Amino acid sequence: MTQPKILSLNALSKRFGSVVANDSVSLELHRGEVLALLGENGAGKTTLMNMLFGHYMPDGGSIDVAAPSGDMQPLPLGHPQAALSAGIGMVHQHFTLAENLSALDNITLGSEPLFSLRRDRAGARAKVQGIMTRTGLTAPLDTPVGKLSVGERQRVEILKALYRDARILVLDEPTAVLTPQEADTLFENIGAMTRDGLSVIFISHKLREVLAFSHRIAVLRHGVKVGEIATSDADQRVIARMMVGEDTPTPTRAAMKPGAPVLALSGLGLRSHAARDSLTDVNLTVHAHEILGIAGVSGNGQSALAAVISGLRRPDSGSIQVDGVEILNPDPKVMIKAGVGRIPEDRHHDGIVGAMSVAENMIIERLDDPLVQTNGLLNRHAIAANAKTLSQSYDVRGPGPDAPARLLSGGNIQKLILARVFEQNARLILANQPIRGLDMGAAAEVSRRLLEARAAGAGVLLISEDLDEILGLADRIMVIHDGQLTEISSRNREDIGLKMAGEHT
Amino acid sequence: MDILQILLSESFWAASLRIATPLIFGVLGALLCEKSGVLNLGIEGIFAAGAMCGWMAVWLGAGLWGGVLVAALAGAFFGLIHGILTVPLGLSQHVSGLGVTLFATSLSYFTYRTALPTVTSPPRIEPFRALDIPILSDIPFLGPVVFQQTAMTMLALAMVLLVWYVLNRTALGVALQAVGDNPDSVDAQGLSVYGLRIGAVMAGSALMALGGAFLTMSAFDAFFFGMVNGRGWICIALVIFASWRPGKALLGALLFGAFDALQVRLQTEVGAMVPGQVFLMAPYVLSIIALVLAARRAEYPRALLTPWFKGQR
Amino acid sequence: MRIEPRNAPSRLMTLGVPVLSAVIALALAAIPLALAGADITVAYGEMVKGVFGSMFAFSEMLTRATPLMFTGLAAALAFRAKLWNIGAEGQLYLGAMAAVAIGAGAVDIPGIFLIPLIIILGAAAGAAGMAVPALLKTRFGADEVVTTLLLNFIILIFVQMMLEGALKDPMGLGWPQSAPILDQGMLPQLMPRMRMHSGLILALVLAGVAQFMLARSVWGFRLRAVGENAAAARHAGIGVNRSLFGVAILSGGLAGLAGVSEVAGLKGYLTADLSPGFGYTGIVVAMLAGLSPVGVVISALFIASVFVGADSMSRAMGVSSYLADLVVAMSLLCVLVGGFVARYRITRSKPAARAA
Amino acid sequence: GTVKVAAIYTLPVEQQWISRIHLALNAAKDRGEIDYVFSENVANTDYERVMREYAEQGVQLVVGEVFGLERAARKVAADYPETGFLMGSSFGPVAPNFSVFDNWIHEPSYLSGMVAGASTESNVIGMVGGYAIPEVNRLMNAFMEGARATNPEVKFLVNFIDSWYDPPKAKESAFAMMDAGADIMFAERFGVADAAVERGVKAVGNVIDTSADYPNTILTSALWHMEPTIDRAIAAVAGGTFEAADYGQYSFMGYGGGSLVVDESLVSAEVLAEVEKTEESIMEGMFRVNVNDDRPVSDK
Ligand SMILES: Nc1ncnc2c1ncn2[C@@H]1O[C@H](COP(=O)(O)OP(=O)(O)OP(=O)(O)O)[C@@H](O)[C@H]1O
Ligand SMILES: Nc1ncnc2c1ncn2[C@@H]1O[C@H](COP(=O)(O)OP(=O)(O)OP(=O)(O)O)[C@@H](O)[C@H]1O
Ligand SMILES: [Mg+2]
Ligand SMILES: [Mg+2]
């Protein structure tokens, strides 16, 4: 690399309790370079970047950044303010936007002196507009961010960093919520900026983007940097092996003849003040022995659809039939009774009561069961025994059935929920993002269970933003966009991508 | 005097503004705290502390504006306690608030009694007097209602403007609104969540204390135990009614003041027919009704009541 | 510096820290004492004597703790479900009002019927008082902190109205007070010449029952689930609003019992100054107890001891009696911080020496 | 030697009513007759405990007010027959050691009413009270009767603020009455006379003399003096003769427990003469002021 060095991370380490998130990780970045940071979920990518940006205080190691003069200077650790003034900008994995403020306010937040009675709004606006025309990243500046679409918010996040004159831009999974086309545009814009001297570190799980847009790839595994490779020397297989350490078998999906419908939605409508929470005239049928995949960019009505099928929200119009029986007053209890097993999208928020024990979380959906209670009193022995069996057969590992469920790792929480759902022999399984955030082993386990349920005669409704997951598991695919569902027969990524973006071609 | 006549009279509206003044301070204070994400139930005690400290400072010879300053500092002190307990330590805002109320009240009472052990009639100070601003107070209606009040009422009105201006027109205000909506947003931009929140709670508490100081330095000229008499709690309700907007906060406080002013006027009129308590109860009942009506539309600061810890997710 | 939750706070921590914080709070009380010019060591001696110095002192502490147990339980149960009932003070008065309405001669039946009747009606009145804000919350989304707080004022004024109206004692020489509860309607005393009454027993039994139900019953399970994570509870088919409403009724009922216990156990009739803020102190009691019902008993005893001890000491030392409230407030704040220390630890991460 | 006296008040000593007792006891203390300790702002719930604590400490005379706990207080007294109790109470004394008193200053109140009635020009008098308790009602009613005696035309505006301590509120209440035409204010609460000063109208004091604080404002005040009561009780304790008795009468004008002060610069000579005449008849027992404990209401 002929370009000068602009950043070096020196042996950064970080522990969270017993978890070693980063173990002496070193990285270098050069001017105008795009470095992709890869690794499985939980490998420590975000943690590393958070240390760079000053959100986390490293347990060990140091960071040097090139001053405008070109000399490398140590960066004070643990101060986002210091990182910002050193020219480091970060777009976080989760939006860090104040929804009650306009995009312009979000962008200028923190860049002006706090204790001044005046703000130079016009100047700020002109500067942002300049950046927008230069980079092609546009967003409405005066609308409250809460009213913006996810793509617009993502652009506001990037504008925030550029507004601060970032010379080093960190993007943590910037395309997770974008359609493939939007993602491509974004990277083209970024490419243009790197030619002006911007350096970029981006984190992504999408190998396609990584191969197409980065110059160099660094891979983390279990908090350790396991390799670095020039993108020109890499291909999908090489990277996957670096990330996982070995080749993992993908579960195979045997062909199967669909049976009777287990879930039929017809003419389903749901109004909501937020467009991304509405559904319009949704029709779908899931049969026994069938996995129906719902693909789509997040925020297009997936949560609303899941909420209706879980019984959390009542549709404004249309009908729901489970196993041929019309559900008149849907609520979670009714849906459970009707044979719907639900794997919620946000397992920490909706899946478990973190403060209650693993054993209690395993029976939380069946409190009326005589096995669980007699005369309103809990059968503690039966509950404990149940927890023991389920933990064994679903391989739920952790501090034990009496420990609070929040102490389980993400993968084990998911296994707990699977155990709960599958033990009830559900007719329909609603799996909303069941694999997100899981490592390859746990993900394979979930996939296996879903296929097993399908084989046993259940229908599965799989909602996912990950096309590979859908392509790997689903028998049929529908795309959700703007609260509307369309069936799609092609299994071509390009076609599905276009539908996800709402193109009616 | 019939109701219409009352409602048209200058003295009625002047009284409404006078009664509203401590509430204006209090609502603005509560609003600042809550905008940043912290509920401050210490308000009732902070009122008492402001009333005692402001008065005591004047009595000891600090001068009226010195008293105002001392009251504000006392409020900020209790705000600091609440801020530390609820912001970096993330303790229950309800309990910390009630604890601060108990602490501020008992500390003020204890101090007052220890300093003045044997009084029978409370000592008096020379309080703020009603102003007579040359041209303004001659404006018909508006003059007597607004411009012949005491300097503290003027200060309260100025504070409405100031708080509005700061919240909506300065970088600090934008940051405050952001930290009450999503602390990560300010953290990611290099601002201190703790600093902003503690600062807001301290500033808000200082305003609350001015509400108390108004009672002993403007509405009256002496300190009495128990004289805050629930005024702080009312502010907590008014903030929701005001949807966390300074302008509506002023409106809410004025409405409450007007109702109270009407109440004392009507009570003498029909007191024989209706138990007096009905009138006393009415402002509270109306507050609840207003709350129920406003609750649906209320745009709570999204991060209200939620602690945020640095470096934790 | 970082704040990290402790994974499993040790037993020593959970028990030792509150005790230590209480000790620190008492030590801090030396400051106002010294400022008031009192001899510190003598003062602490007086404080202990004020609670443990005689059977009478001890029984007085128990008497003061009794209503706090009820209001503490009321707050603890509601808070467990994250229902912020700040209205125990008002509900207490509703309970007391119901008790005198029925017990002061409205019916003249033997005590074995009258006492349960008074208890049930008092609890029901308190429950009704909490049902209103619960309804406003579940139906209209009106914040219960504010509604319960405001209702306290409304109820208190209503009590005054009733004491000058329907409930006024015709023999009371015009004082705004109710007629006394019939003798057979009074809760039995526990010891001769002591004010301690069987309301204490009732409170202890209820605390035990609540503890058991919370841990062992489906009802308690639901309540805990709703309180810890309402979204997950709802997702799992638990009726969140129903649970909230149920616990609201219970919480109001318990607060109502505090009022019953004060009128039917102690004073005999109702005045508008029946409670010196028992409802608010109950919140403090509940939080100190970590919302555990049995813990409520202990922390009620603690608060009552601090108050009675400090109150009695202030008299013995000739310092202002506002000292008692001050000591209680400082204890609360210290124990709050102590609870934090028990649950979290503050780590100091030392950045490695920077490469030159 | 000195008598050990303890007082227990349910409100702070600034409260007018309580301040009179406190004053009398402090005077006795300054004369060296007693050792005086007190507890203020004692909740009714705690009152009994405090009584017992003082009794246990060997206090010889306990002074206080038991309007909220008449029965319980008598029980305590029975348990400590060696201790003398002199309590403000609506009920009677109980042998051997429970004596009662009350602020029976309806007589000077009546007289102050006469002054007010004769002095009002608008014929509207405003009255702001704390709570409508017999203590207060009695004085207000006597005042109203006195005013009507000199001015049958007079109308009253009555308001209770339901608080002992909210001077700002009392002040607002007074302003409202002045807006409605009152030109004399009966100042039962702190704050009322302040409002009168601000508007330049006159006020009538009650229980305490505040004329020095409000120059040119207080027409007249009905004062309560606890000294006759307290001094008698102390003497009885010191002499070992304390027994259950109703000390109420020592608040009457005849014993110097009640008195009227008039600001002679503000009141005409004829009115003064008439008031003095009535005062004399009261002293001679020729005129009895009615005792009426009902809640006073506004004239319509
Ligand atoms: N604030 C925190 N507190 C506790 N543990 C944490 C914290 N942040 C990260 N971890 C843990 O550190 C490890 C690395 O997490 P990190 O977020 O860096 O992973 P990642 O590589 O970004 O994963 P993903 O691809 O899912 O974003 C994980 O085991 C995670 O659970
Ligand atoms: N907040 C916490 N408190 C206590 N222990 C925790 C906490 N977070 C994580 N752990 C423990 O640390 C370990 C790693 O957790 P983490 O969530 O990072 O797992 P992971 O590597 O992401 O695994 P998985 O692939 O199953 O999600 C788990 O065994 C868990 O018990
Ligand atoms: Mg990450
Ligand atoms: Mg994980």
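Ligand 1 lies between chains A and B. I am working on a predicted model, where local features need pLDDT of at least 70, side-chain atom pairs count only at pLDDT 80 or more, and totals for chains, interfaces and linings use all residues. Residues are numbered from 1 along each chain as its sequence is written, chains are lettered from A and ligands numbered from 1 in the order written, and side-chain values use heavy atoms, with hydrogens and water left out.

**Entry 1: ligand 1**

I looked up the neighbours. There are 18 residues around ligand 1, and A:Gly42, A:Lys45, A:Thr46, A:Thr47 and A:Gln93 come nearest. A residue is near if one of its heavy atoms lies within 4 Å.

I then sorted the shell by residue class. It holds five nonpolar, nine polar and four charged residues. Here Ala, Val, Leu, Ile, Met, Phe, Trp, Tyr, Cys and Pro are nonpolar, Asp, Glu, Lys and Arg are charged, and the others, Gly among them, are polar.

Next I checked polar contacts (pairs of N or O atoms within 3.5 Å). A polar side-chain atom of A:Thr47 is 2.5 Å from an oxygen atom of ligand 1. A polar backbone atom of A:Ala43 is 3.2 Å from an oxygen atom of the ligand. For A:Tyr56, a polar side-chain atom lies 3.2 Å from a nitrogen atom of ligand 1.

On its own, ligand 1 has 630 Å² of accessible area, and the protein covers 79% of that. I note the method: Shrake-Rupley with a 1.4 Å probe. Strand 2 (19-30) and helix 1 (45-53) of chain A are the elements that give two or more residues to the shell. Helix 1 of chain A gives the most, with three residues. Helices (H or I, at least four residues) and strands (E, at least two) are DSSP runs, numbered from the N terminus.

**Entry 2: magnesium, ligand 3**

Which protein atoms are donors of the magnesium ion? I found A:Thr46 (OG1) and A:Gln93 (OE1), at 1.8 to 2.2 Å. Donors are N, O and S atoms within 2.8 Å of the metal (3.2 Å for Na, K and Ca); water is not among the atoms, so sites may look incomplete. A:Thr46 sits in helix 1 of chain A and A:Gln93 in the loop between strand 6 (88-91) and helix 3 (103-108), so the pair ties together parts 47 residues apart in sequence. A:Thr46 is partly exposed at 23% relative accessible area, and A:Gln93 is partly exposed at 32%. The cut-offs are under 20% for buried, over 50% for exposed, and partly exposed in between.

**Entry 3: helix 9 of chain C**

I asked how many residues of helix 9 (residues 218-228) are buried. Eight of the eleven are, so the helix is largely enclosed by the rest of the structure. Among them are C:Phe221, C:Leu223 and C:Arg224.

Most residues other than glycine have a negative phi, and most peptide bonds are trans. I listed these exceptions.

- The peptide bond from D:Ala95 to D:Pro96 is cis, with omega near 5°. D:Pro96 lies in the loop between strand 4 (84-88) and strand 5 (98-101) of chain D.
- A:Asp165 has a positive phi of about 55°. It is in the loop between helix 5 (150-163) and strand 7 (168-172) of chain A, and is partly exposed at 49%.
- B:Ser243 has a positive phi of about 50°. It is in the loop between helix 11 (231-241) and helix 12 (246-270) of chain B, and is buried at 15%.

How values were computed
Polar contact = N/O pair within 3.5 Å; in protein donor to acceptor, adjacent residues only side chain to side chain. Buried < 20%, exposed > 50% of the residue type's maximum accessible area, 1.4 Å probe, protein only.
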